[in-house]
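Please look over the structure shown below before reading the notes that follow.

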Amino acid sequence: MAETATKQYSLPITGMTCANCVSTVERNLKKVPGVRMAQVNLSSERAAVDFDPGQANLRTMLERIRRAGYDVATGEADLAFTNLDDVNDVKRLEKAFYALDGVLEVNATIANERARVRYVPTLVNQADLRQAAREAGFDLLEQTGETQDAEREARQAEIRKQRRLMWLGVAFSVPLLILSMSRDLGLLPMSLAMAPWMEWLFFAMATPVQFYVGLSYYFNGYKSLRNGSANMDVLVAMGSSAAYFYSLAALLGFFQGHGYFETAAVIITLIRVGKYLEAGAKGRTGESIRKLMGLRPKQARIMRDGLELEISSADVQVGDMVVVRPGEKFPVDGVVVEGRSSADESMITGESMPVEKNLGDIVIGATLNKQGRLIFEATKVGKATALAQIIRLVEEAQASRAPIQKLGDRVSAIFVPAVILIATVTFLTWWLFAPSANSAMGNAAFTRGLINAAAVLLIACPCAMGLATPTAVMVGTGRGAEMGILIKSGEALERASGISMVLLDKTGTVTRGLPAVTDIVLSNGSMDETELLRLAASVEDASEHPLGEAVVAEANARKITLTRPEAFTAETGRGISAHVEGREILVGNTRLMKERGMMLNGLGDDVDRLETAGKTAILVAVDGEMRGLFGVADTLKDHSIEAVAELHRMGLKVGMITGDNQRVATAMAKQLGLDYVMAEVLPDQKVAEVRRLQEQGEVVAMVGDGINDAPALAQAELGIAIGTGTDVAMAAAPVVLITGDLRGVPRAISLARKTLRTIKQNLFWAFIYNILLIPTAAFGFLSPIFSAGAMALSDVFVIGNSLRLRGFKPRV
């Protein structure tokens with residue numbers, strides 16, 4: 001029975017504060033019937049959900065998320081129509097909107113001919129809404145100033161809320177702390193310091209901070225406990241409540257003791273300050289994605305009925321003729337149909353040199369037209385454009401988990417309960433066994449125990465462990481995208497950092513993949529050169545092999561008319577055969593000729609000469625007799641030698657694998673300075689060669705074209721697809737280099753190493769911080785206020801360390 005097709009959602013989660021929140025959301029999503037996989041990323045605040053659409057849907061997932069105490073960021077679109085006339089129109093419009101994945105609520109009214117739509121911005125956008133309305137037969141009024149980044153708006157609203165609460169906390173806590181410290185240090189007049197209303201003033205100033213500024217810690221902590229786990233909010237609520245309610249009990253006369261209202265208020269405020277700084281820093285980790293999103297031009301100019309019309313870029317359709325003037329961006333992907341120019345594609349490919357654009361050339365949406373006016377036909381729009389694919393791949397990578405994160409996840413799962421246990425033991429030990437416990441100072445021991453327990457609760461920081469890996473992965477993959485390197489997962493990032501050997505495919509990877517005919521040699525008493533070229537090119541015209549294309553190109557350059565071949569047969573790794581005008585033509589390498597029993601007819605020395613020079617010999621037989629050969633050379637790419645030298649400098653072995661004969665491969669390996677070369681390897685043998693190297697203990701990165709080399713790329717520890725251009729989503733490799741520049745390989749590995757080093761630094765900080773400071777707090781050397789401040793800043797430190805990756809600059 002065929003397996004049911006699954007769907008994937010990327011949901012923007014709000015309300016998460018630490019790694020326990022991540023596990024809570026994941027656990028609740030997995031409880032939805034039909035959900036097969038749920039992965040949540042704390043840094044990007046996204047949930048990647050894989051589910052069976054026959055069993056699960058968006059509404060059941062949202063219900064689960066909200067029941068767990070979290071929510072999903074939503075956007076609102078306000079659309080105006082010109083033909084929303086009656087109730088049936090309203091129903092038809094609402095039906096069209098609800099048919100879209102991600103639409104949550106639609107309110108359409110006839111009176112003002114408007115519709116307000118609430119939606120999940122990672123699943124649907126305003127361009128999709130407008131397109132659905134048009135397809136349902138409705139005409140929209142063009143509106144300016146619409147926002148497309150609804151998720152960012154929701155995040156910004158959350159940051160504004162954090163800022164408001166932070167400043168409110170500061171407004172109450174700072175005067176409270178100054179008054180309290182002035183009293184304790186004897187800086188206030190005695191009559192004022194001993195006034196009975198002073199403690200009531202402290203109570204009045206601390207209470208709004210505790211139960212308004214800090215209210216979310218109580219709510220979120222309760223929801224966390226209800227879901228069977230404990231998170232950072234539980235620790236904050238317990239630590240601040242210990243100081244607040246102890247002070248309240250002393251104020252009400254239940255026992256004699258010093259009040260700590262200022263401690264409770266400052267704890268809440270400091271953590272609010274930390275969360276506000278963290279939110280701003282986390283926002284910067286996604287800057288690369290927003291930069292990519294911002295590349296899209298808002299308007300496009302299209303030709304309709306001989307007139308130029310300016311429309312929204314989101315409304316461009318496949319087949320539209322789009323006009324782009326010098327200095328303007330291409331709104332979508334397409335093919336040039338009129339004009340000549342050059343394009344700056346550096347924002348997509350990382351390639352700084354302008355690329356010439358002539359008739360039939362591909363243009364990439366969001367790149368810049370430099371010189372001439374161009375008209376191109378739109379071929380990919382919306383989510384199908386290269387830019388949209390790149391954004392999607394980077395977002396998926398940022399939502400993935402690196403294997404190294406598992407350690408942090410395992411510790412985070414038991415961290416908060418363990419901290420609560422340590423705090424309880426700390427309190428009991430100080431209260432019962434401190435030197436003053438059995439004296440008249442017993443109440444002081446109780447107070448000391450409570451304060452030290454609060455310090456333990458507040459110094460503990462599960463968030464740093466949760467943020468250590470995802471923030472670095474998020475910044476690292478984003479920086480890679482800016483350089484034209486797409487790293488599709490955190491696992492690929494980690495694998496790339498551990499590579500010991502790089503194995504390069506030759507054609508199209510090390511070389512340009514555009515070989516040319518350099519020699520034509522005829523056998524004794526053979527036909528003339530033009531006839532040999534005509535017959536060989538007629539056969540090769542039905543082939544897609546780069547070497548065959550060189551023969552066809554040579555024939556076209558000489559304006560030789562070709563004949564359509566019959567009975568065409570291709571023999572992988574050997575050559576091709578066909579009939580042309582009733583004659584049997586065989587074109588291929590020496591292996592094919594020997595298998596067919598062909599004598600080289602005096603061409604053996606010429607084959608050796610060409611191969612020694614690093615050229616490929618293509619032999620041609622007509623009606624069972626060898627007639628001649630072509631020497632074909634594929635030149636190295638501009639930066640191949642530089643890339644191999646950089647890989648060597650990084651301590652990596654570099655090899656080449658090719659189907660060419662040993663002499664050609666050896667000549668090229670010598671030119672590149674390779675460690676070794678594997679030649680005459682058929683495509684289906686490449687996997688075995690990679691496996692053989694792995695058995696020798698090598699950790700192999702295979703670099704190829706992403707399609708022809710797919711099995712070998714999959715077998716290697718790391719597959720790198722190079723030069724895939726606009727078809728970035730087609731490559732199955734975990735790392736994709738958008739351009740054909742081989743320098744992208746050392747850049748990708750260098751970036752991966754730097755990212756993994758950053759992750760290890762973050763994890764070291766997160767663990768050493770807790771390992772050293774929790775016992776320090778338990779032994780009474782830290783105050784709760786210092787603990788709260790340290791906890792608040794530890795997250796900011798981890799994020800700040802990850803943000804350093806934005807400045808990564810490759811050596812080549």
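The structure, which is a predicted model, holds 40 salt bridges.

**Salt bridges**
- R373 forms a salt bridge with E308, with 3.0 Å between the closest N and O atoms; because R373 lies in the loop between β15 (368–369) and β16 (374–380) and E308 in strand β9 (residues 307–312), the pair ties together parts that are 65 residues apart in sequence.
- R373 is partly exposed at a relative accessible area of 39%, and E308 is likewise partly exposed, at 33%.
- Both residues belong to a network of salt bridges that links R301, E308, E310, R325, E328 and R373.
- R534 forms a salt bridge with E581, the closest N and O atoms being 2.9 Å apart, and this pair links helix α19 (residues 529–540) with the loop between β21 (575–580) and β22 (583–588), 47 residues apart.
- R534 is buried, with a relative accessible area of 14%, whereas E581 counts as exposed at 51%.
- D71 forms a salt bridge with R66, with 2.9 Å between the closest N and O atoms.

**Nonpolar surface patch**
- L428, W431, L432 and F433 form a nonpolar patch on the surface, and together they have about 420 Å² of accessible area.
- F433, found in helix α14 (residues 405–433), counts as exposed because its relative accessibility is 67%.

**Positive phi angles**
- E45, in the loop between β2 (35–41) and β3 (46–51), has a positive phi near 55° although it is not glycine, and E45 is buried at 15% relative accessible area.
- K559, in the loop between α20 (546–557) and β20 (566–571), also has a positive phi near 55°, but K559 counts as exposed at 74% relative accessibility.

Notes:
Residues are numbered from 1 along each chain as its sequence is written. This is a predicted model: local features need pLDDT of at least 70, side-chain atom pairs count only at pLDDT 80 or more; totals for chains, interfaces and linings use all residues. Side-chain values use heavy atoms; hydrogens and water are left out. Patches are made of residues with over 30% relative accessible area and no salt bridge: like charges are joined within 9 Å, nonpolar side chains (Val, Leu, Ile, Met, Phe, Trp, Tyr) within 5 Å. Accessible areas come from the Shrake-Rupley method with a 1.4 Å probe; for residues, only the protein chains shown count as cover. A salt bridge is a side-chain nitrogen of Lys or Arg within 4 Å of a carboxyl oxygen of Asp or Glu. Helices (H or I, at least four residues) and strands (E, at least two) are DSSP runs, numbered from the N terminus. Buried means under 20% relative accessible area, exposed over 50%, partly exposed in between (1.4 Å probe, protein chains only).
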